[in-house]
Amino acid sequence: MLSVAEFRSLDELANVRLTWKSLWEQTPDANYFQSYDWLRSFWRFYGEGLKLKVLLVSMAAKPIGLVPLVIKH
């Protein structure tokens with residue numbers, strides 16, 4: 001069964017930083033722009049006025065993917 005956890009801030013997301021890194025390391029041809037560190041840097045400089053939403057998808061309590069989203073009104 002799939003489950004989805006939602007994170008709406010970098011502070012919340014910091015709790016799953018190691019999970020993100022583990023998934024990133026398992027991704028073929030992963031690049032820096034898919035990393036937590038890039039999102040954190042981007043958010044520091046360009047996040048004003050935007051809302052962050054990151055979805056962590058798990059299957060049988062094992063993380064299988066992350067979906068970072070930026071909400072702009």
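A nonpolar surface patch joins nonpolar side chains (Val, Leu, Ile, Met, Phe, Trp, Tyr) within 5 Å, using residues with over 30% relative accessible area and no salt bridge. This is a predicted model, in which local features need pLDDT of at least 70 and side-chain atom pairs count only at pLDDT 80 or more, while totals for chains, interfaces and linings use all residues. Residues are numbered from 1 along each chain as its sequence is written, and side-chain values use heavy atoms, with hydrogens and water left out.

**View 1. L2, M59 and I64 form a nonpolar patch on the surface.** Together they have about 290 Å² of accessible area. Areas come from the Shrake-Rupley method with a 1.4 Å probe, and for residues only the protein chains shown count as cover. I64 lies in strand β3. I64 has 46% relative accessibility, so it counts as partly exposed. Buried means under 20% relative accessible area, exposed over 50%, and partly exposed in between (1.4 Å probe, protein chains only).

**View 2. Strand β2 is bridged to β1 and to β3.** Strands (E, at least two residues) and helices (H or I, at least four) are DSSP runs, numbered from the N terminus. Two strands pair if DSSP finds at least two bridges between them. Strand β1 covers residues 2-7 and β2 covers residues 51-59. Six bridges join these two strands, which run antiparallel. A5 has L56 as its bridge partner in β2. Nine bridges join β2 to β3 (residues 62-71), again antiparallel. Opposite K51 stands I71 of β3. Opposite K53 stands L69 of β3.

**View 3. A hairpin links β2 and β3.** Two residues sit between the strands. A60 takes a positive phi near 55° in this hairpin.

**View 4. Helix α3 (residues 36-46) has buried residues and exposed ones.** Y36, L39 and W43 are its buried residues. Seen down the axis of α3, these buried residues fall within an arc of 60°, so they line one face of the helix. The arc is that of the directions from the helix axis to the C-beta atoms. An α-helix has 3.6 residues a turn, so residues three or four places apart point the same way. The buried residues pack against α1 (10-13), α2 (17-26), β2 and β3. On the other side of α3, R44, F45 and Y46 are exposed.

**View 5. D37 and R17 meet in a salt bridge.** A salt bridge is a side-chain nitrogen of Lys or Arg within 4 Å of a carboxyl oxygen of Asp or Glu. Here the N to O distance is 2.6 Å. D37 lies in helix α3 and R17 in helix α2, so the pair ties together parts that are 20 residues apart in sequence. Their C-alpha atoms are 9.0 Å apart. D37 is partly exposed at 27%, and R17 is partly exposed at 34%. Leaving aside neighbours within four places in sequence, D37 is in contact (heavy atoms within 4.5 Å) with R17 and Y32.

**View 6. D37 also forms a salt bridge with R40.** Their closest N and O atoms are 3.6 Å apart. Both residues lie in α3, three residues apart, about one turn of the helix. R40 is partly exposed, with a relative accessible area of 27%. Salt bridges that share partners join R17, D37 and R40 into one network.

**View 7. K21 pairs with E25 in a salt bridge.** The closest N and O atoms are 3.6 Å apart. Both residues lie in helix α2, four residues apart. K21 is partly exposed at 46%, whereas E25 is exposed at 52%. The structure holds four salt bridges.

Definitions and conventions
Patch = residues over 30% accessible without salt bridge, like charges linked within 9 Å, V, L, I, M, F, W, Y side chains within 5 Å.
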